Amino acid sequence: MSAELFILILLVITAVGFDFTNGFHDTGNAMATSIATGALKPKTAVALSAILNLVGGFLSVEVAVTVTTSVLKIQDDAGGLIPGIDAQEAMFIIFAGLIGGILWNLLTWLLGLPSSSSHALFGGLIGAGLAAIGTSGINWDGLVVKVIIPALLSPLIAGGVAAVGTAGVYVLSRKVSKDKQDRGFRWGQVATASLVSLAHGTGDAQKTMGVIALALIAHGSLSDAQIEEHGLPVWIIVVCAGAIALGTYIGGWRIIRTLGKGLVEIEGPQGMAAQASAAAIILTSSNLGMALSTTHVATGSIIGSGVGKPGSTVRWSVAGRMAAGWIITLPCAAIGGAVSFFIGHLIGGAAGASVIFLVLVALAAYIYYRAQQQKVGADNVNADWDDSQGPESQEKDGKDGKPGKRGKKSKVPTA
């Protein structure tokens, strides 16, 4: 087996791994509000979301095309590699970028911080591209138009739409009996949460599809002309849609908890308005080929639902921590991508790829071990929120996730 083929295989495995982390990292975007209000049981919610993520992955490839053209500039106008890099170096760039994105996803999951998986991926690719080629290796125009501007505007737009929608829902339903409200909004939340999950599949699964396609183009196994004529290879769509669906089913409970309990004490009308707003914006952006962050949209919608409900309180301190996490996502993931590229490129060839892959596996195992010390699961995801303590100082739960000996309330990481 040649070194190039070996690197390509490791790259595809790592890309599928990123897709998996994307799934459990972003489950809360679709299901956190429905779980928090009790409209859906936790395990039912993640199972439903997984199925719809799988379906959504087959509905569109516009975002995948954006990823292959709008972040890295490693192809010339004819579709070949730019002068100065060969297939192996191009694949190292993509491989290292994926590692930077995965590590940031895992770290923010450990902290229960709903950061953007999309921006973690883009940041990793940017860092690796800068390390390998310099500023000329980044498609700055595409990055600004299709990534950065949507990142800045999407939470504001989603928040505004959700605030107006929430206020309207409360006005329209004020004369409806409480029983009818509860029943109607419960089913409304199920429908809108399902739509967000479907929208998430049409956007986020495609990003990994685009990365794998870019790697195959760099290797010479695929060309832009083939994609334009026949679309993406079916196996890429199946593998990526399946990976994000499996990750979604795992749950990502730490982030579900932050979104569902940390920002606003959500009621049924708020949950339905927030999810409907998020779904509309995500589906629109996917159709336009914008690699939008579902996390930014979902979070903006949840905050907007708190603003729109009379008398509701938004925990702005939690929102501020999340916003800070969004700001540092691109540069932190970029550092991870750049360091990974330097290490792999310094060693070179299959050995270099093996080393950075093993480092990724070791760090992922350590982060998982740390997460198990303060486990959040389906049984304690709706525990009372305690914003006075950080994730490292929370009281530990019993082994089964039930309250520990020191208190009746189950306290788990808050951010």
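Analyst: Before we start, contact here means heavy atoms within 4.5 Å. Please also keep in mind that this is a predicted model.

User: Which residues does Ile74 touch, not counting residues up to four places away in sequence?

Analyst: Ile74 is listed among the residues with the most contacts inside the largest nonpolar core. With residues up to four places away in sequence set aside, and with heavy atoms within 4.5 Å taken as contact, the residues that Ile74 touches are Gly80, Leu81, Ile82, Ile85, Ala90, Ile93, Ile94, Ile133 and Leu214.

User: How many residues does the largest nonpolar core have?

Analyst: Buried residues make up 58% of the 415 residues in the chain. Within the largest nonpolar core, the residues with the most contacts are Leu72, Ile74, Ile94, Phe95, Leu98 and Leu263, and the number of residues in that core is 95.

User: How many helices and how many strands does the chain have?

Analyst: Read from the N terminus on, the elements run α-α-α-α-α-α-α-α-α-α-α-α-α-α. The count for the chain is accordingly 14 helices and zero strands.

User: Are α12 and α13 roughly parallel or roughly antiparallel to each other?

Analyst: Helix α12, residues 294–308, and helix α13, residues 316–347, pack at an angle of about 160 degrees, with their axes 12 Å apart. The contact is made by Thr295, His296, Thr299, Ile303 and Val307 of α12, together with Trp316, Ala319, Met322 and Trp326 of α13, and by class it has six nonpolar, three polar and no charged residues. The crossing of these two helices is left-handed. Because angles over 145 degrees count as roughly antiparallel, α12 and α13 are roughly antiparallel.

User: How are α5 and α13 oriented to each other?

Analyst: Helix α5, residues 117–132, packs against α13 at an angle of about 45 degrees, with the axes 6 Å apart, and α5 passes α13 in a right-handed crossing. Since an angle under 35 degrees would count as roughly parallel and one of 65 to 115 as roughly perpendicular, the pair α5 and α13 is oblique.

User: How do the residues of the contact of α5 with α13 divide into nonpolar, polar and charged?

Analyst: On the α5 side the contact includes His119, Phe122, Gly123, Gly124 and Gly127, and on the α13 side it includes Thr329, Leu330, Gly337, Phe341 and Phe342. The residues of this contact divide into 12 nonpolar, six polar and no charged.

User: Is His119 buried or exposed?

Analyst: His119 is found in helix α5, and, leaving out residues up to four places away in sequence, His119 touches Val147, Ala151, Ser293, His296, Thr329 and Leu330. Its relative accessible area is 4%, and because the cut-off for a buried residue is under 20%, His119 is buried.

User: At what angle do helix α6 and α12 pack?

Analyst: Residues of α6 such as Ala151, Ser154, Pro155 and Ala163 are among those that meet α12, where the partners include His296, Gly300, Gly304 and Gly308. By class, this contact has eight nonpolar, nine polar and no charged residues. Helix α6, residues 140–172, passes α12 in a right-handed crossing, with the axes 6 Å apart and an angle of about 35 degrees.

User: What distance separates the C-alpha atoms of Ala163 and Gly308?

Analyst: Ala163 is found in helix α6 and is buried, with a relative accessible area of 16%. Leaving aside its neighbours within four places in sequence, Ala163 is in contact with Gly304, Ser305, Val307 and Gly308. Although Ala163 and Gly308 are 145 residues apart along the chain, their C-alpha atoms are separated by 4.0 Å.

User: Which residues does Gly23 touch, not counting residues up to four places away in sequence?

Analyst: Gly23 lies in helix α1, residues 3–37, and at 0% relative accessibility Gly23 counts as buried. The C-alpha atoms of Gly23 and Ser49, which are 26 residues apart along the chain, are separated by 9.7 Å. Beyond four places in sequence, the residues touched by Gly23 are Ile244, Gly247 and Thr248.

Conventions. Residues are numbered from 1 along each chain as its sequence is written. This is a predicted model: local features need pLDDT of at least 70, side-chain atom pairs count only at pLDDT 80 or more; totals for chains, interfaces and linings use all residues. Side-chain values use heavy atoms; hydrogens and water are left out. Axes are lines fitted to C-alpha atoms, for helices over the stretch in contact, and angles run from 0 to 180 degrees between N-to-C directions. Helices (H or I, at least four residues) and strands (E, at least two) are DSSP runs, numbered from the N terminus. A crossing is left-handed if the near helix is turned anticlockwise from the far one by less than a right angle, and right-handed if clockwise. Ala, Val, Leu, Ile, Met, Phe, Trp, Tyr, Cys and Pro count as nonpolar, Asp, Glu, Lys and Arg as charged, and the others, Gly among them, as polar. A nonpolar core is a set of buried Ala, Val, Leu, Ile, Met, Phe, Trp, Tyr and Cys residues joined through side-chain atoms within 4.5 Å. Buried means under 20% relative accessible area, exposed over 50%, partly exposed in between (1.4 Å probe, protein chains only).
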